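Hi everyone, thanks for coming.

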Amino acid sequence: MGTIRKRRNKNTIRYQAVVRLKNHPTISKTFHRKSHANQWIKEKEIQIENGVLNYSTASSKQTLGNVLTRYLKEITPRKKSPEIETIKIKRLMTEPVAKIQFSNLKPEHIIEFRNNRLKNVSGGTTLKDLSLLSHAIEIGIKEWGLHLSRNPVRQIKKPKQNPPRDRRFKTGEEDFILLACNASQNPYFKSLVILAIETA
């Protein structure tokens, strides 16, 4: 019924305790020590046997913003460009949709987010935001045991891609720009420039 997954993040090792029961949401919790994970599983199994485990507690208190925060800590550091994704997630966390309870997320919430983004940025940038949201939601459902029947991002119509650019960097231009960014005293300037290039 209970299993432990070893999670390695750079120099840190964590242990994710997972308890599954047929016809009930999966519940999980991450610990720094394997012994604590084992103890948590035993406690939950006893609660299940006694019929006192409240399955709704874990997911009902979680907002999409909470999930994005955890995603930022546990998933983003494994990515190729964690600095860029950090900027994207922190911006997403300021959106109204981030305040919605995870278990209550519906397509209309994502549609509202999509439409508001399209007023300010291109379809391509909005698509990237939706892709990031979708992956965070999938991780929440499949890896962290949060209850949501379907991923609402997959249920909505996606915006169209940007038309092809008329002007692309010539050989060496992008490297020259990024090299020049190193001279800035602002530690975030280079990351912002990279983000602008990727979302142009």
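I'll talk about a pair of helices, then the cores, then one glutamate.

A quick note before that: this is a predicted model, where local features need pLDDT of at least 70, side-chain atom pairs count only at pLDDT 80 or more, and totals for chains, interfaces and linings use all residues. Residues are numbered from 1 along each chain as its sequence is written, and side-chain values use heavy atoms, with hydrogens and water left out.

Let's start with helix H3, residues 64–74, and helix H4, residues 82–92: their axes lie 10 Å apart at an angle of about 170°. That makes H3 roughly antiparallel to H4, a label for angles over 145 degrees. Where they meet, H3 brings Leu68, Tyr71 and Leu72, and H4 brings Glu85, Thr86, Ile89, Lys90 and Leu92. Those residues divide into five nonpolar, one polar and two charged.

Now the cores. A nonpolar core is a set of buried Ala, Val, Leu, Ile, Met, Phe, Trp, Tyr and Cys residues joined through side-chain atoms within 4.5 Å, and buried means under 20% relative accessible area, with a 1.4 Å probe and protein chains only. The largest one here has 24 residues, with Leu64, Tyr71 and Phe102 making the most contacts inside it. Its largest share, six residues, comes from H6.

Finally, which helix holds Glu138? Glu138 is found in H6, residues 123–142, and is buried because its relative accessible area is 13%. Beyond its neighbours within four places in sequence, Glu138 is in contact (heavy atoms within 4.5 Å) with Glu143, Asn151 and Arg154.

Conventions
Helix = DSSP H or I, 4+ residues; strand = E, 2+ residues; numbered from the N terminus. Buried < 20%, exposed > 50% of the residue type's maximum accessible area, 1.4 Å probe, protein only. Axes fitted to C-alpha atoms, helices over the stretch in contact; angles between N-to-C directions. Parallel < 35°, antiparallel > 145°, perpendicular 65-115°, else oblique. Nonpolar A, V, L, I, M, F, W, Y, C, P; charged D, E, K, R; others polar.
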